[in-house]
Amino acid sequence: MAPAAVDYSLYLVTDSTPAILGDRDLVEVVEQALQGGVTIVQLREKTADTGELIKIGKALHEKCKQHGIPLLINDRVDVALAVGCEGVHVGQDDMNVATARQLLGPDKIIGATVSSIEEARIAVERGADYLGIGTLYATNTKKNTKDILGINGIRKILHYLGISEDEKTRNIKTVCIGGVNASNVQNVIYQLLAPSLSNPEPKSIDGVAVVSAIVGASDPSKASQNLHKLITSPPPFSSRTSSLNPPIWHDDNAAELDNIASTAITSLAAVRKHSPLSHNMTNLVVQNFAASVALAIGASPIMSNNGAEALDLANLGGGLVINMGTATPDALNNHRLAISAYNSVGGPIVLDPVGAGATSARRSALSFLLASGHFSLIKGNEREILSVARASGFTLSLPNEQQQKGVDSGDSLFTLEQKAYIVSRIAARERNIVLMTGATDVLSDGYRTCAIRNGHEYLGLITGSGCTLGTTLASYLAAAKKEGSDAFYAAVAGILHYEIAAERAASAPSVKGPGTFIPAFIDSLYHYGRDESEAPLSWLRSALKV
Ligand code: TPS
């Protein structure tokens, strides 16, 4: 088999330690994995004698050949030669790739473990056919790994390879490894796919390599089959439109305004029709207010910070808001459980990285959350979104930036064009929607970017207005998912509902300031769109400030 023709998509690496294999026979476990659909196998035995290793290698090679799947041997070129299999995989402490190539010749497959750009550069230069990039996530299978790279670390190496002027470097095959399993594999691949437009990373990952998710599974065949299915089908959270509409920069684009107004009406109707669950993991300070807002817009609130019940709640088809207001280790653990629960059923998640740039604990909490799964929408003020940009791997340096104080946004650091650039680049990279709030809100899904100038200053003078915008957005996204409609327009519709209601409440005769604004705002959220049944489009059209 020519090295270039190899399918790296589901790469099995074996392990005979009792903690993973149990008392089962390795050859049988690999046979089951082959039946389940693994596409390449590596025999990795750190303790067996040479004779024993050759024996297992030959047995595995027979099985692999029956399935037309290549077998590689970890570290041992001599064993690969004795077995007559398709190649070797070498780690940083093993024989170097150039020597292995000399011994094995040009037709065998040689892979190398790399955890940095420099290691990747050297492995390609020495003639590797593919790179095993890791460690992605912390794993019990290999504790002595130098680096936990996370998605961003993998991206940096892919970026280096993808922009190279050398064709061999650009075309090198890659898999990532470390802690990959059924609960995160789709997210991993999704986040490491090169987007087709606004292409921040020019190179995609070619596959995932796993040890314990298959060898340690009670049914290795089913586990492989399931991983194979997850790898080859789009993740439930990928429901984005494929139409590449031009950016919505318009004060004067009447057709687009009508489109926004009419989708705002249908999105609102969908929220009221489905009354989706709005699951809030949020601060004690805002729970009461968030529940009232959810009820007023037509959703069904539940305030639960308990990760253990997140899967049951996710199965009810609603949306989740994660508010990073209290980023304690306990809270983060509950968040992680909830993220994987909602990701597993494709339920929308809104991340509100409150005060993300303010302390180093919050910065690491944000990185932890971003590494835990996929968010449908990330919303925050300028400084929070700036922290998201950094945590997502962008290097941004701004001359006049001060450290963030508290959770208030302070004066604007950016022009509108800069804001649009930042949100669209993060959205393209995270493959989601990013909203930067402020006097002008800017949101983008990486394809379309929109500025909204509705809202009222009183929103900045009450507690929890940011959090409850998150509540509103999660409800709109959940309703859009039930309808199968466009999440970006649903997010625009949610923002309009919230901000136009605020404008109306602020001008009510009873409102004298932020205190009296709160009850009027809840009334206004409730009445929004109900009193205008005669001409729904015209009232919205006149209220829009996009
Ligand atoms: C293709 N390696 C890095 S992490 C890890 C291993 C074996 C353990 C993953 O276990 N890339 C390739 N082959 C290798 N042997 C390595 C890297 C080294 P789990 O999936 O249980 O987390």
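1. Ser-485 sits in the loop that joins α19 (465-483) to α20 (487-506); helices are DSSP runs of H or I with at least four residues, strands are runs of E with at least two, and both are numbered from the N terminus. Ser-485 counts as partly exposed because its relative accessibility is 39%, where buried means under 20% relative accessible area, exposed over 50%, and partly exposed in between (1.4 Å probe, protein chains only). Its C-alpha atom is 9.4 Å from that of Thr-263, although 222 residues separate Ser-485 and Thr-263 along the chain.

2. On provenance: this is a predicted model, in which local features need pLDDT of at least 70 and side-chain atom pairs count only at pLDDT 80 or more, while totals for chains, interfaces and linings use all residues. Residues are numbered from 1 along each chain as its sequence is written, and side-chain values use heavy atoms, with hydrogens and water left out.

3. The ligand is surrounded by 19 residues, each with a heavy atom within 4 Å of it. The closest are Thr-139, Thr-141, Gly-179, Val-211 and Ser-212. By class, the shell holds 7 nonpolar, 10 polar and 2 charged residues; Ala, Val, Leu, Ile, Met, Phe, Trp, Tyr, Cys and Pro count as nonpolar, Asp, Glu, Lys and Arg as charged, and the others, Gly among them, as polar.

4. An oxygen atom of the ligand lies 2.8 Å from a backbone N or O atom of Val-211. A polar side-chain atom of Ser-212 is 2.5 Å from a ligand oxygen, and a side-chain N or O atom of Asn-74 is 3.4 Å from a ligand nitrogen. The protein buries 98% of the 530 Å² that the ligand exposes when taken alone, by the Shrake-Rupley method with a 1.4 Å probe. β1 (10-13), β6 (130-134) and β7 (173-177) are the elements that give two or more residues to the shell.

5. Helix α11 (residues 220-232) has 13 residues and should span 18 Å at 1.5 Å a residue, which agrees with the 18 Å between its end C-alpha atoms; the expected span is 1.5 Å times one less than the number of residues. Its buried residues include Ala-223, Leu-227 and Ile-231. The buried residues of α11 pack against β1, α2 (26-36), α9 (185-191), β8 (207-210) and α10 (212-215), with contact meaning heavy atoms within 4.5 Å.

6. Gly-298 follows α13 and has a positive phi, near 110°.

Notes. Polar contact = N/O pair within 3.5 Å; in protein donor to acceptor, adjacent residues only side chain to side chain.
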